[in-house]
Amino acid sequence: VKDSKTVNIRVSSEGNYDGYVTGTEKLTITKRPIEITGSGWTSSQPYTGKAYTKTDYEVEQANAENTRGLVAGETATVSYEITGTNVGLYTGTFGDDLEIKTAGGILGIGAKNVTDNYTVTKTSGTLTISKSEINQYVTLTPADVTKVYDGNAYAAGTATAADTNGNDLKIEYQKADGTWTENPTEITASNVSESKTVNVRVSSEGNYDGYVTGTEKLTITARPITITGDGWTSDQPYTGSEYKKTTYTAEEANAENTRGLVAGETVTVSYEIAGTNVGTYTGTFGNDFKVMKGDVDV
């Protein structure tokens with residue numbers, strides 16, 4: 001192309017004319033169009049956590065009329081890459097190092113750079129990465145909580161989740177009203193009757209569809225307590241009068257606070273042991289056992 005030129009021309013006649021008729025003509029080499037197409041993917045690829053990468057490309061070859069494409073014997077090189085890992089649309093990138101050369105001699109010695117003789121169109125490939133189902137890569141581990149009743153409120157366990165690809169995860173817990181929260185302390189139980197099974201799920205907004213689901217138990221177990229009715233530790237002599245007691249002792253909380261009466265609560269129950277005549281007697285508790293915390297029956 002750079003050898004294109006304007007040529008001066010003239011015409012004369014030696015016999016009958018003086019002078020010249022002059023003019024110019026152009027010898028023009030135009031740039032040859034060529035297209036370089038970077039590789040890509042023609043269909044969507046699923047997210048795997050690994051990078052999809054290609055660096056190859058295709059150079060347009062000479063057409064039948066030899067008016068476009070790479071001239072036979074010449075070579076074209078350029079850097080190119082398309083790569084992507086996360087969900088999204090990616091486009092390949094060409095470097096600024098395109099070089100088209102003639103064949104040259106042995107080992108390419110003497111090859112000439114003829115890049116300027118081409119009009120180059122670069123077409124990048126594309127890559128679309130789509131979301132994958134979360135259960136292919138993520139595991140959820142719910143956490144059960146079991147506590148002996150002690151009057152305190154206990155929260156649902158804090159579940160854990162792991163993603164083999166290291167994405168951020170969101171763990172949620174379903175409340176009694178059906179809504180979901182990321183804070184398990186919003187779900188509590190104090191009494192045995194409030195024990196529950198909690199639905200748990202994990203999701204990730206970026207690269208996954210769906211949820212991994214599970215359940216965990218929040219259990220308050222009944223607290224053991226011993227009520228000891230009063231009696232006599234030794235034999236009593238017959239007197240003709242009735243021996244009788246209605247008092248009893250409630251077991252106090254132990255050091256671990258896992259059994260016995262919870263501090264601040266009171267026990268009531270009917271109890272009686274009575275006898276007049278010679279014999280062995282055993283006290284009797286009624287069916288009205290009750291533990292109160294203030295005005296609340298627990």
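How exposed is Glu186, in terms of relative accessibility? Let's start there, everyone. Glu186 comes out at 43% relative accessibility, so it counts as partly exposed. Please keep in mind throughout that we are looking at a predicted model.

Now, who does Glu186 team up with? Its side chain meets that of Lys175 in a salt bridge, 3.2 Å from N to O. Glu186 sits in the loop between strand E20, residues 180–181, and strand E21, residues 188–189, while Lys175 sits in the loop between strand E19, residues 170–174, and E20, so the pair ties together parts that are 11 residues apart in sequence. Lys175 is partly exposed as well, at 27% relative accessibility.

One joins Lys101 and Glu99, with the closest N and O atoms 3.5 Å apart. Lys101 is partly exposed at 33%, and Glu99 is partly exposed at 29%.

The other joins Glu60 and Arg68, at 2.6 Å from N to O. Here, too, Glu60 is partly exposed, with a relative accessible area of 21%, and Arg68 is partly exposed, with 30%.

What about the largest nonpolar core? It has 32 residues, and Leu70, Ile100 and Tyr173 are the ones that touch the most other members. Among the elements giving two or more residues to this core are strand E3 (32–38), strand E8 (80–84), E19 and strand E22 (196–203). E22 gives the most, with 3 residues.

Let's stay with E19 and E22, and find them in a sheet. In which order do the 5 strands of this open sheet run? The order is E16-E24-E22-E19-E20, and the pairing is mixed. At the edges are strand E16, residues 145–148, and E20, each of which pairs on one side only.

As a quick reminder, strands of a sheet pair through backbone hydrogen bonds, either parallel or antiparallel. E19 and E22 run antiparallel, with 4 bridges joining them.

Technical notes. Residues numbered from 1 in each chain as written. Predicted model: local features only at pLDDT ≥ 70, side-chain atom pairs only at ≥ 80, totals over all residues. Heavy atoms only, no water. Salt bridge = Lys/Arg side-chain N within 4 Å of Asp/Glu carboxyl O. Buried < 20%, exposed > 50% of the residue type's maximum accessible area, 1.4 Å probe, protein only. Core = buried A, V, L, I, M, F, W, Y, C linked by side-chain atoms within 4.5 Å. Pairing = 2+ DSSP bridges.
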